[in-house]
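The entries below follow the order in which I checked things.

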Amino acid sequence: MTATPFYIAGTGAALPGQPVDNAALGKAFGISEEWIDLFVGTRTRHFAWDLATGEPTHTLSDLAAEAAAHALAAAGLDAQDLDFAILTTATPDQLLPSTVNDVADRLGIDHLATYQLQAGCVGAVQALDVSRSLLAAGHRAGLVLAGDVTARFMDARRNAVSLPTEELVNYVLFGDGAGAAVVTDEALDDAVRVCGLIHRFVGLGRAPGQIVDWNGPVRRAPHRQMLREDYKAIEDHVPAMAAEILWELLDTTGWSREDVQFLLPPQLSGRMTARITAHLGVPEMREVSCVADTGNTGNALPLLQLDRLVPHLAHGERAVTITVESSKWIKGGLALEKAVPSGLAAAGDAEGEPSP
Amino acid sequence: MTGAVAVVGLDCAFATATGVDAYWDLLMRGGDAIGPLPRRRWQGPGFDGRVQGGFLADPDVFDHAFFSVPPREAAAMDPQQRLLLQSAWRALEDSGRAPGTLAGSDTGVFVGTMSSEWAQLHMGNYARVSPQLGSGSATGMAANRISYHLDLKGPSLAVDTACSSSLVAVHLAVASLLSGECDTVLAAGANLVLTPALGLVYRQMGLAAPDGRCKPFSADADGIVRSDGVGVVVLRRLADALADKQRVYAVIKGTAVNQDGRSNGVTAPSRWSQREVIAAAYRRAGVTPDQVRFIEAHGTGTVLGDIIECAALGEVHAVPREQPCAIGSVKGNLGHTEGAAGIAGLIKVALALHHRIVPASRFATRENPRLKLAERGLRLLKSPLRLEAGPSVAAVSSFGMGGTNAHAVLASAPRVRRAPVRRGGAASGGVFTVSADTPGGLRRNLLTHADAVARRPRGDAAALCWSSNRVKTGLTYRAAFTVRDTGELAAALRTAAADERLAEGVADRAWRPPVIGFLFTGQGVQEPGMSAGLYGTSPLYRSHLDAVDAALSGELGISIKELILSGSTDVHRTLWAQPALFAVQYALAGTLGELGVAPDVVIGHSLGEIAAATVAGALSLTDAARLVAARGRCMDELPAGGGMLAVGAAASELAALLTDAPGVVVAAVNGPADTVVSGPRDALDALARRLAGQGVRARHLHVSHAFHSPLMAPALDRFTDAAARLTYRAPEVPVASTRYGRLLADEPMDAAYFRDQAVEPVLFADAFAAMIADLAPTALVEIGPRPQLLTLAARAELPDGVPLIHPAPGTAATVRDLAEALAVLYRSGLEPRWDGLYPPEQRRHERLVPYQFSTDSRFWRSPAQPSTAPHEQDAPPAADATAAREDPASGTQAAEGSAGSGDTARSPVLDAVIEAVVEVGKYPPEQVTAVTRFYEDLGFDSVMIMQLKDRIENRLPQADGITVPQLLPELRSVGTLAAFLGEWISVGAAT
């Protein structure tokens, strides 16, 4: 699947402010704390807006730039080393300018290719897919960013109990955050090699499982639901699709399940993730999840999981990422392996000069 | 390759673009820096607002006080010198070092400059020449000033080869580095258009562009336009720069300089010589023409000049190659900055390699077809050129009117992958430091840093802090913030800048290195898990506690570290308490020592004297371990039943009570109302009840025995036997002895000393008072697991402003508390060795904003009209002197007033001296007070001393006859001179 290998040289994460626990969330929206604990299973999340006033405290570009700086530091690279940047999000700060360009400005980089993908939970995989092509085409290093912020969609003044369930559920599921990964065409020390990648639209004829709407100044429907989730459809479809992704990754890489030490399953909510993981039936793989702490951060999720995985992944160990975007149904997956040190490109070893 | 030189620091100012970032922005947006001649420089018809050029807006602004240049001298200095001084400071900062740390080094200074038009304007009027104008107008001084004010002792020279001056300066600087003559070198260029003369010359030669624009390689090229500029680069041998982990913008691989010789006229360019100088530079650099990706051409935009340059370039570059060599010239943006042109080009190339993008050349779209660039292997840059990842080679040309040509070959900096940052959760942070010469300067720089930090992505502040510790230190007024991430840092900087005290001109002022007293606490402060927080968060402390633990384990048979950290209450047992406390103290002192905090005096309370003596050098660690283990063991073996009582009364007040308390003695005199008594527990209980009855505060101490009482006697023989086997040396650091209640003179700290101090009372109050009186410590640091002696110190009589510092205040204290202690010491004037505060991967250079100089003072003088005024009245023209200015003196007075050293009453002699000083330097009168120092604050030199002597004699005829050698030692401060003169006069009157 990936004829040209490429590498994740560093990862980063950014979560705004202090974690908001279920007690605080319940109090803010008049939702039962016990219900969140029992049926959602998410313990905390972060918001880029003030729970009391609804005022934004962080923009998506703030979070993406923070995550990017972490990823660059982890990779040991400078912003000047980057040839491209790709941001995926469902919730850009503005429709134009594209948020990715605000991030580039914050990072002090110029004259590079930038892309922004309108995406959901598979966004990071989609960006890595584009990265693969860009690196194969001769670029050396790029930045993948993914994140979402909910300030525009969650109304701090609303008593959520009055909301229909398909909208209410979003209030307890989502959180804000961004993740970043530096991708390179060469195996820097401690890089994670992307050995397999699945990215496929599978939504022909299926109704959307999640809708995130947007508004302009005209034709504004007064009570339009800006967020809607068909949680029943998600419960029905995602576990099966996740299993398909797992086995397809193993088939295409030629790995057996015993070869894989870590599993990064879909992150819908604490409860759903547990159900999906159980359904996959690979208990020997160590699960790396974040949703119970971060909430469903949409685009950021696979990169937040990756950021948690990297410190634990030993040389030669393998991991699979499984993600499903339930909006219009997209499958995403990654097969990852920590590259064994090649002995070249040793960090800090710069005796030589550039040979022109 | 050994011949490689790294460009590690940059600063520049060109028209409409002050600073490197603004310059780069101008280049990237293809900006036009040309405008009309500023009114201030007009000299009548022909040299007025109709003259176009690239002119600096504020060449008259100069922070003279920062460099201790008297206003009179500043007003006489060629502004090129002033601009270079400030630019040199900022470029050195940009290289990741505090400029002050280079003082006394062999750093070289090479400045290219074509002329001093200032000198042409001012030195022709012989009636008005002055020593200041003389030194202010000399061309060589452009370099020598930098060397003087920064105390750089390497070669220092100005280079004049006309328009190639500053690239020739780079060539010489590189050679100086590579020959080993110096380890760091500043190469610079400066140009300032002040007279119409050269413009007229260009016009007569047909070289002046009618539209005031240089249009390099354009079909419309029709001449040059004159422009201002100043640029400084800091160069190091590449290996040195990499070893010091400096940021490398680009590498200079080779340079060459040659001459046209007898060409077609002394000012005519020579295609042959241009070709040869390029070829020579390539040979030295070890590159072939096909490898060169782009060239910053000389590109004057004169018809002939462009043709010859392109022909020469073509002869070299028309070789089989994958892609043409791109060319461009910054003269399209800036005009011709003459003496600074070479450095402008070099900085552009270095930035292009750093950013991996070459700016487009302005006026390139109408390329001159007669240049036949395509067939010559060349391409004029009509749009920016993005450089491929990986190394690129570039070059820069600069040619002088008299035929001296220079060429330099540069390459991308070697790709040094930084040590990847491993994240272990929270940001580690550090201490961010800022320093400035005045409170106002501190505020100004705090604000600039706050803005710059706020623009960065949020994240760990550690690398920023470390960089600030390297660069932003050494000046008098200081701020330091212990922070974790950049958000916290930006907020701290803003809050500090808004500090009322700064607005009032009061700030932490560090005159001199602090005198640090280490206070070692005695038994009783130990607690389970003491220093655990620090052990968990500071690898440095961990290594020191591990080391002392290893030294003690042989004596104790257990790991005292594990006992401490386990949280066991066994730590209170004397057997363990004494070595445990020693271990923590010794490790803390060692940790501080590695961070550059060494005591100038030590004092130890009881058991604390062992660690104090060890840190002072009286005992080796091994022997100290034996001593403290034996002391704990011998005392622990005594039967229980003794105790100690802290009483809130004077020892003398207790004397009567003690006669009725059998076996109870005074064990420690901690202060005028802080006494500890020691003895049998039942007798102490009775005493406590009686004290309570009298309303006197009394508290049992957490000890197992009646220390410092005769009850200790049975333990002493065995302890003395053990102590006698050890080696004692004279302490290397003054010791305030609590055994004697005074500073130790020649008495040894030996076995007898430590035997006696165990039974005799602890005379802390007297020892502490002696330490304050004799050594006047300016900072006190308690060495122990929690503050105790600092509480006593706070109750004692201390001079104002002595910070009481605890590096580990309590079990939960972390490396952040240690950092805060370091921050306080830094504000007090210490220059810590900060590295130990940061993990190695965070010790990397982050770019910080350059120093923001005061812009309040302006110095300018128009060309003087012929004047017959006598020298004495020749003050700088009134309009030229300082305008509004911040007041560095107010802080001085506030700080000194509290120190009590400057409150000399005003006397007629002092008034006369102040008047004379003000007159000599044209200082604002409020800047000169009794505490103002001649050299440090006023920048006095020998010429000024002679002038001062004359003026004093005019005002104080009684002082006639004093010789300069007599005056010299008294020229410390205005006050010391006045005192000396007062004495001289009174003695003279008496005889």
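**Entry 1: H19 and H23 of chain B.** I looked up helix H19 (residues 539-556) and helix H23 (residues 621-636) of chain B, whose axes come within 9 Å and cross at roughly 45°. H19(B) and H23(B) are therefore oblique to each other. I noted the cut-offs: angles under 35 degrees count as roughly parallel, over 145 as roughly antiparallel, 65 to 115 as roughly perpendicular, and the rest as oblique. An axis is a line fitted to C-alpha atoms, for helices over the stretch in contact, and the angle runs from 0 to 180 degrees between N-to-C directions. Helices (H or I, at least four residues) and strands (E, at least two) are DSSP runs, numbered from the N terminus.

The crossing of H19(B) and H23(B) is right-handed. A crossing is right-handed if the near helix is turned clockwise from the far one by less than a right angle, and left-handed if anticlockwise. On the H19(B) side I found B:Val548, B:Ala551, B:Leu552, B:Glu555 and B:Leu556, and on the H23(B) side B:Leu621, B:Thr622, B:Ala625, B:Arg626 and B:Ala629. Two residues are in contact if their C-beta atoms, placed from the backbone, lie within 7 Å. I sorted this contact by class into seven nonpolar, one polar and two charged residues. Ala, Val, Leu, Ile, Met, Phe, Trp, Tyr, Cys and Pro count as nonpolar, Asp, Glu, Lys and Arg as charged, and the others, Gly among them, as polar.

**Entry 2: what I am reading.** The model is predicted: local features need pLDDT of at least 70, side-chain atom pairs count only at pLDDT 80 or more, and totals for chains, interfaces and linings use all residues. Residues are numbered from 1 along each chain as its sequence is written, and chains are lettered from A and ligands numbered from 1 in the order in which they are written.

**Entry 3: H21 and H23 of chain B.** At what angle do H21(B) and H23(B) pack? Helix H21 (residues 574-594) packs on H23(B) at about 155°, with the axes 7 Å apart. That makes H21(B) roughly antiparallel to H23(B). The crossing of H21(B) and H23(B) is right-handed. The contact includes B:Trp576 and B:Phe582 of H21(B) and B:Ala629 and B:Met635 of H23(B). By class, I have eight nonpolar, three polar and three charged residues here.

**Entry 4: domains of chain A.** Chain A is assigned domain 1 (6-184) and domain 2 (193-338); such bounds come from an automatic or database domain assignment. Their C-alpha centres are 15 Å apart. The contact takes 46 residues from domain 1 of chain A and 42 from domain 2 of chain A. H5(A) gives the most to the domain 1 side, with seven residues. That side divides into 22 nonpolar, 16 polar and eight charged residues.

**Entry 5: domains of chain B.** I wrote down domain 1 (5-412), domain 2 (431-513), domain 3 (516-640 + 704-826) and domain 4 (888-990). The C-alpha centres of domain 1 and domain 2 of chain B lie 33 Å apart. Eight residues of domain 1 of chain B are in contact with six of domain 2 of chain B.

**Entry 6: between the chains.** The contact takes 28 residues from chain B and 31 from chain A. Helix H13 (341-355) and strand E16 (404-412) of chain B each give two or more residues to the chain B side.
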